[in-house]
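The sequence and the model come next.

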Amino acid sequence: MSVTTKDYADDAPYSNGHAPATDKDVEKFDMEKLDEDELDEKAVRRRASIAEGQVKHNKLGWKRLTVCLIVEAIALGSLSMPSAFAAMGMVAGVILTVGLGLIAIYTSYLVGQVKLKHPLVQHYADAVGLMWGRFGYELTSVMFVLFLVLLTGSHVLTGTIAWVSIIGKTNVCALAWGVISAILLYCLALPPTFHEFAVLGYIDFTSIIIAIFITMVGTGVQASKAPGDLSAAPWSAWPPPDITFAKAFLSLTNIVFAYSFAVCQYSFMAEMHTPEDYIKSIWALGLIEIAIYTLTGAIIYAFVGVDVGSPAILSNSSVVARVAFGVALPVIFISGSINTTVVGKYIMGRVFPDSEIRYVHTKKGWVIWLGLIGVLTLVAWVIAEAIPFFNALLGIISSLFSSGFTFTFPALFWFYLIKEGKWNATRKNIGLSIVNGLILGIGLVVMVCGTYASVVDILDSYKEGSVGGSFTCSAASYEK
């Protein structure tokens, strides 16, 4: 018989999670545990339906977990990396990309360790609730939902940029491209399990790899035809002399954003049939990310120089940019839609903790799921149209939310939930206390300084008149 929430009441006091069921739970349903007043046919069907739903949501293996993490992580980060290198210089760009990537792997390891010690942790808020009680749970729930909805909104914006670039000048109102993007994000967010969603991940990963390759080749050909050949490209090993603190730190937050996969890790691991295998996934993802981000940032920056666009596809010629954006459409919308799916599953689990509705395998469950995903996508679309700028949006997201989910909270998890004994009890504890203390500091610095840099960037953009305004029909603000 499956383990119930009560068995782990102290592990996840604010979680609505249930330990995963197995096929035996469905086949050998334990009638002896039912109260006499529940032995009617309707109650039996309901309990069996819940058990079937648990089985359905317990099929994720480490390979498909890796795919889900790739879908969640590798999208906007790779497209904004060359502009980050341009702001910080080649040396700092490579060091920070590799260094922050290794730190992200470690903090993701800590996130998974909390899940193994407290099996009923279903989402990030549950883990924070173990440290800070109800207040921590509710605070992180708000952060969790806002962060992922903002991510979906940023993909609406990127989708609009892509459509405008592909179609070119037209009399069609730019809002229409945002609506089309939102509809695609809605449709792709409908698979209710990550085991099913992972199928889209293979398309997503192929899309971004080909788009990056096209961008590299296109910018390389342009550079080779320019006066002075490739050696004349205006790149530097060091930051530009006129770079401001705000612009440099905004670029740093883009790198942080690129490694913000830990926020959905609990949600994905909740569907794993063997959670202990998560370590394989985070190592695979982390090394793939480091390789893609470092090579993409360094090579395209070396080809284009300080004027590289963000997203980097915009640094191509018009024709190549259209082709690259066309190839990148799957990654733009698949990577954006998984954020909506995660939020939807969190809300379903919280609103319907003990109902078969949460598993979205009944008519009523599907109706509620379709409506919920629609509302979330609509909110994301409104945000995208209200904030029509790319780097600043990424900076705000990274500073206020990603820094916490990627650095601050995992470091605190080690001190509160993972560490055994006092911090100075052993050499290992002392060493890990120092490491996690530094990571905690990094998270706080990124949050404070990154928020400052993002606000300065937004104010400067409005002063310069480079922001087209909210809910505008003009495609000019989305063009190269």
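Glu 271 is buried at 3% relative accessibility, where buried means under 20% relative accessible area, exposed over 50% and partly exposed in between (1.4 Å probe, protein chains only). Glu 271 forms a salt bridge with Lys 345, their closest N and O atoms being 2.7 Å apart. This pair links distant parts of the chain, 74 residues apart: Glu 271 is in the loop between helix 10 (265-269) and helix 11, and Lys 345 is in helix 12 (residues 318-351). Lys 345 is buried as well, with a relative accessible area of 15%.

This is a predicted model, in which local features need pLDDT of at least 70 and side-chain atom pairs count only at pLDDT 80 or more, while totals for chains, interfaces and linings use all residues. Residues are numbered from 1 along each chain as its sequence is written, and side-chain values use heavy atoms, with hydrogens and water left out.

The structure holds four salt bridges, a salt bridge being a side-chain nitrogen of Lys or Arg within 4 Å of a carboxyl oxygen of Asp or Glu. Three of them are tabulated here.

| Glu 138 | Arg 134 | 3.0 Å |

Lys 280 is partly exposed, with a relative accessible area of 44%. Salt bridges that share partners join Arg 134, Glu 138 and Arg 350 into one network. Arg 134 and Glu 138 are four residues apart in helix 6, a separation of about one helical turn. Arg 134 is partly exposed at 42%, and Glu 138 is partly exposed at 28%.

The chain as a whole has 15 helices and zero strands; these are DSSP runs numbered from the N terminus (helices H or I, at least four residues; strands E, at least two). Of its 480 residues, 55% count as buried. Among contacts (heavy atoms within 4.5 Å) with a separation of 6 or more, 85% are between residues 24 or more positions apart.

The largest nonpolar core has 130 residues, and Tyr 124, Leu 148, Phe 268, Phe 405, Phe 409 and Phe 413 touch the most other members. Helix 6 (residues 124-167) gives the most to this core, with 20 residues. Such a core is a set of buried Ala, Val, Leu, Ile, Met, Phe, Trp, Tyr and Cys residues joined through side-chain atoms within 4.5 Å. Leaving aside neighbours within four places in sequence, Phe 413 is in contact with residues including Val 111, Tyr 124, Met 131 and Tyr 266.

Why is helix 9 largely enclosed by the rest of the structure? Eleven of the 14 residues of helix 9 are buried, so the rest of the structure largely encloses this helix. Phe 249, Leu 250, Asn 254 and Phe 257 are among the buried ones.

Helix 11 supplies the largest share of the patch, three residues. Trp 283 lies in helix 11 (residues 278-304) and is partly exposed at 43% relative accessibility. The C-alpha atoms of Trp 283 and Thr 66 are separated by 9.1 Å, although these residues are 217 apart along the chain.
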